[in-house]
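Have the model open and follow along.

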Amino acid sequence: MVFCGESLTNAGKVTHFGVYEARRAALACAVELKNLLQHPCEKAAESAFSMYDYPSVFIEHGIVDRMAKEPSGISVKTLQFELDLDSHKLTMVLRHLSVYGWIRETQDGIFALNRSSRILLQGQRGRAVVMAPNYMRTAEALPRWLVHPEFRFSKSPDHTAFQLANKYYKAILRMAGVENSQAMGEYVTPGISSDYPWQTYSESTIVDCAGGKGSLSIALANKFFALRLVVQEREEMVGPAEANIKARLDPNLVHGTVDAEANDLFSVQPRTRDKYTSMFRHVLHDWPEAQAVNILEKLAAAAGPKSKILIIKRISGHYPDTHVELEHSPANTTDSTAPASLITEQTILNSSFRMPQALALHLLCILNCHERTLDQWRTIISRAGLVITRVYKLRAYVSIMECRAIHADES
């Protein structure tokens, strides 16, 4: 598929600025038109039956992988014969999925994959997202969670809708859901790597705090050859990170370009002074405000006057529709004045970015995570002895908040 002369099928490359903005506006307009024109009763029915939109059945029984071998389409009779599935029931399932664009019916009883369904194939990140355990059960527990006498005001990651959905607490299942949600967030990496001046850090080392298996560090190193990065994780995660670095890092890069080491978020940061920059991606929302402040305080104590702390997160609320002054200096502001448009930036944010809103709600339900507005982030960052110097808008649903430490002579 081509949109404004640019392919939409390559998820690994960042979209051109103009195409990115045009696509955001087009998606928002489509959603707003549907909201305007759809009968409320039809909308209610559509929501009531939305559990059938879930394409897991399409994956679990090998249907999508078998269909991928027949680009022009495959009949339900063939699928019945090869997969031992009832062709009548299968037809109903596939027709329902075709309404939502996953597949198309090219002839009566013959179905073919669309662009979207290819992200569900074996080895694709969309498959991990869709197959996260207990989505439906957790969503069903949400109303009970909101009024639960013990959980309703709790910020604890152990007092969640996920826990209510499972009679016994199952940490392994919850972590599987977290990992799949992280896989969902990784598609923003092209925007992160393209819309921030990473090349300016060639003289320092970037510390990827709680960097998981090092996916972002690897992507940055493969694109900016002069960078040096260290992935910090819990002791048990260092081995998987090292294996991932070995497997995915460009073999032509200098040995040691990306390393992994053990360090807990709540421990003293051993990498100190100006030659280190620290970054977080999809980390701080896991923690209530007090713990988030504690984590950032460790970095503020370790930072030199030239060190930077980068927080890569979605900023909720009305950003970037408001003018944000940073450090009380006219030179350090985000110019978010939008051009004249028939649709406001806030409407575009609300309507074209429904996925991150759903992801935020899902993380709230499984971990009690919280999205934060820019003002809320500024409060936390200030309490930790830091100040935001600049906010970078990206071609992604996340932004980069660039911070520095406030030193004693500035207090």
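D65 and R127 pair up through their side chains in a salt bridge, with N to O at 3.0 Å. D65 sits in helix α4 (residues 63–67) and R127 in helix α7 (residues 125–130), so this contact ties together parts 62 residues apart in sequence. Keep in mind that the model is predicted. In total it holds 15 salt bridges, and a few of them are picked out below.

**D65 and R127: how accessible?**
- D65 comes out as partly exposed, at 23% relative accessibility.
- R127, on the other hand, is buried, with a relative accessible area of 14%.

**R66 and its partners**
- R66 and E82 meet in a salt bridge through their side chains, at 2.4 Å from N to O.
- R66 is buried, with a relative accessible area of 14%, whereas E82 is partly exposed at 40%.
- There's a network here too: salt bridges link R66, E70 and E82.

**K34 and E46**
- K34 makes a salt bridge with E46, and their closest N and O atoms are 2.9 Å apart.
- Since K34 belongs to helix α1 (residues 17–37) and E46 to helix α2 (residues 40–48), the pair ties together parts that are 12 residues apart in sequence.
- Both ends are partly exposed: K34 has a relative accessible area of 38%, and E46 has 28%.

Notes:
Residues are numbered from 1 along each chain as its sequence is written. This is a predicted model: local features need pLDDT of at least 70, side-chain atom pairs count only at pLDDT 80 or more; totals for chains, interfaces and linings use all residues. Side-chain values use heavy atoms; hydrogens and water are left out. A salt bridge is a side-chain nitrogen of Lys or Arg within 4 Å of a carboxyl oxygen of Asp or Glu. Helices (H or I, at least four residues) and strands (E, at least two) are DSSP runs, numbered from the N terminus. Buried means under 20% relative accessible area, exposed over 50%, partly exposed in between (1.4 Å probe, protein chains only).
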